[in-house]
Amino acid sequence: MCFFPFLSMMMIITATESFSFVGGGSKNIHHKRALAAATSTLTKSITSTTATMLSASSSSSSSTQRKTTLDKATDWNLRIVLRGVATEQGKKVDQIFVVKCQFLEEEGYEPPQGVLLQQDGSDQSSFQVQKSRWLLSEDPDDRKDGLWVWGLFKEPLYPFMLLQMETSAIPLSGGGSKNDDSDNEDKEEENKPDSIKPLQLYAQINHKRDSDVGVILEACDLKVRQVETMKADVFGAAKVDVYEEVNVGTLSIQPILK
């Protein structure tokens, strides 16, 4: 790494020794000035070469930085903000949870898909993911023929990740932020253990791939699907279930850099 600056310095020393044998008089003064100019030029060259080599080394180091991926190589923090979710006692509460997880892709599927694996030690006191599923997708509301099917792109450009999470009941310690009017509730009822009912959460996450960073997952809304049974004919003989998505909070996803 330091070979060229060393070589340049040797050139300066050689030049100095050569000029030391020149005789006196005006010629000696002339050679001294020439030596000073040569020394200045070589010093600038050494400085420039060293800076270039250090810059190249820094670029090489940054290029080897690990990219974020959808596999075991990358851990992610999920910040889950729930607003106005129902509890077993009929209350409405707000809660925030942070879950450490990995997105594990199952091989052999197109588009890519897999499961979300919750890591040990992430909010073990409450939020637990029982079942999960994620799928890279085109816009589910505007599906078109993917251009990558025709080989126009090197890598499929799926702009979304569709994520589903099913949770167990979430115990509440000390309640949460209550949204309903509970002034007239009996204090004994308030002190009873309560929990958020099991949830089926859905999220449509903006998904990007950066050549330097890797996978980027943006913040999004969290929703639940409420089912309403409606009559399919005027006589009520046939019925159909209609699903409505209701916003219950937000989801932020950040990689844990190692």
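**Exercise 1. Find the salt-bridge partner of Asp 75 and say where both residues sit.**

Step 1: Start with the rule: a salt bridge is a side-chain nitrogen of Lys or Arg within 4 Å of a carboxyl oxygen of Asp or Glu. Asp 75 forms such a bridge with Lys 100, with the closest N and O atoms 3.8 Å apart.

Step 2: Asp 75 is in strand 1 (residues 75-86) and Lys 100 in strand 2 (residues 92-105), so distant parts of the chain, 25 residues apart, are linked. Helices (H or I, at least four residues) and strands (E, at least two) are DSSP runs, numbered from the N terminus.

Step 3: Check accessibility, where buried means under 20% relative accessible area, exposed over 50%, and partly exposed in between (1.4 Å probe, protein chains only). Asp 75 is buried at 7%, whereas Lys 100 is partly exposed at 31%.

A word on the source: this is a predicted model, in which local features need pLDDT of at least 70, side-chain atom pairs count only at pLDDT 80 or more, and totals for chains, interfaces and linings use all residues. Residues are numbered from 1 along each chain as its sequence is written, and side-chain values use heavy atoms, leaving out hydrogens and water.

**Exercise 2. Work out which parts of the chain the salt bridge between Arg 133 and Glu 106 ties together.**

Step 1: The two side chains meet at 2.9 Å, N to O.

Step 2: Arg 133 lies in strand 4 and Glu 106 in the loop between strand 2 and strand 3 (113-118), so the bridge ties together parts that are 27 residues apart in sequence.

Step 3: Arg 133 is partly exposed at 29%, and Glu 106 is partly exposed at 26%.

**Exercise 3. Do the analysis for Glu 218 and Lys 208.**

Step 1: Their side chains form a salt bridge with an N to O distance of 2.9 Å.

Step 2: Glu 218 is in the loop between strand 10 (214-217) and strand 11 (220-231), while Lys 208 is in strand 9, so parts 10 residues apart in sequence are tied together.

Step 3: To finish, the salt-bridge rule gives a count of five.

**Exercise 4. Identify the strands that pair with strand 5.**

Step 1: Two strands pair if DSSP finds at least two bridges between them.

Step 2: Strand 4 (residues 129-137) pairs with strand 5 (residues 160-167) in the antiparallel sense over eight bridges. Here Trp 134 stands opposite Leu 163.

Step 3: Strand 5 also pairs with strand 9 (residues 200-210), again antiparallel, over seven bridges. Phe 160 has Asn 206 in strand 9 as its bridge partner.
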